[in-house]
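Hi everyone, thanks for coming. Let me put the structure on the screen, and then we can walk through a few spots together.

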Amino acid sequence: EKDTGELNIVTAEDPIEYIYQHDGANQHSTSRGLVDDDDKDTFQPFKLANKRMDPDVTVVSELRDRSTTGAFRDAVLAGQLGLTTIHAPSALAIPQRLMSEEFGLSRDVVTDPDFLKMLIHLGLVPKSCPHCSLGVRAEDTATVLRKAVDSDDAAIAEIANASLRIVSAEFLRRIEDLFSLDVAGMRVRNPFGCSHCRRDGVPELNGVFGRTPVAQIIEPTT
């Protein structure tokens, strides 16, 4: 394997979002105009140039149509490591998306053992505020939540109802049975929030402090 410093990386981005800090990176902007003909393959110049350069890694920033997908397909079938993104509801839905009319890849290509090496679906989920979140089995948690359910603010009451469903003995037992987890360390949102997470006029965000990525990762096999 080559050292990362020696890798020749070629990108096709629409548009370029940030500059790669890698000596072997060649970034190409393939931005399309609003009046571009739908039948015009705006990625054709990139595909031709990429074949001549024969890089180690080809990055197509996002698969949006048959043109971008074709550029990615050509790179991977030429033996390059291909990296790209696509909108899909889950990792398992990616192959079907690629074979849809919108993207136009054949089943033979998508199911080739050397074509898809890793499927990753990313999501951002809210994090409970570490300063005021409530332990699912803490003695005062149910009291706080029941008080919030009776709040005149509908947003606070909605958060409280959701948290109450989580701290219920039946739900926690299901979590333990399904995932073999120790639920003692689980925490839920505080509907009232605190000085760290409350925002004036937006009670819907009470108890939320930032977000964190969650990844579903699947390595396809035959």
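Thr58 sits opposite Gly82 in E4.

Before I go on, this is a predicted model: local features need pLDDT of at least 70, side-chain atom pairs need pLDDT 80 or more, and totals for chains, interfaces and linings use all residues. Residues are numbered from 1 along each chain as its sequence is written, and side-chain values use heavy atoms, without hydrogens or water.

Back to our strands: E3, helix H2 (residues 66-77) and E4 form a right-handed β-α-β unit, meaning that, with the strands pointing away from the viewer, the path from the first strand over the helix to the second runs clockwise.

Now the cysteines. With a disulfide defined as two cysteine sulfur atoms within 2.5 Å, the count is 0. For Cys129, the nearest cysteine sulfur belongs to Cys194, 3.7 Å away. For Cys197, the nearest is that of Cys132, at 3.8 Å. Cys129 is buried at 0% relative accessible area, and Cys197 is buried at 0% too; buried means under 20%, exposed over 50%, partly exposed in between (1.4 Å probe, protein chains only).

Last stop, Ser180: it lies in the loop between helix H7 (169-179) and strand E7 (187-188). Ser180 has a positive phi of about 55° without being a glycine, and it counts as exposed because its relative accessibility is 67%. Thanks, all!

Definitions and conventions. Helices (H or I, at least four residues) and strands (E, at least two) are DSSP runs, numbered from the N terminus. Two strands pair if DSSP finds at least two bridges between them.
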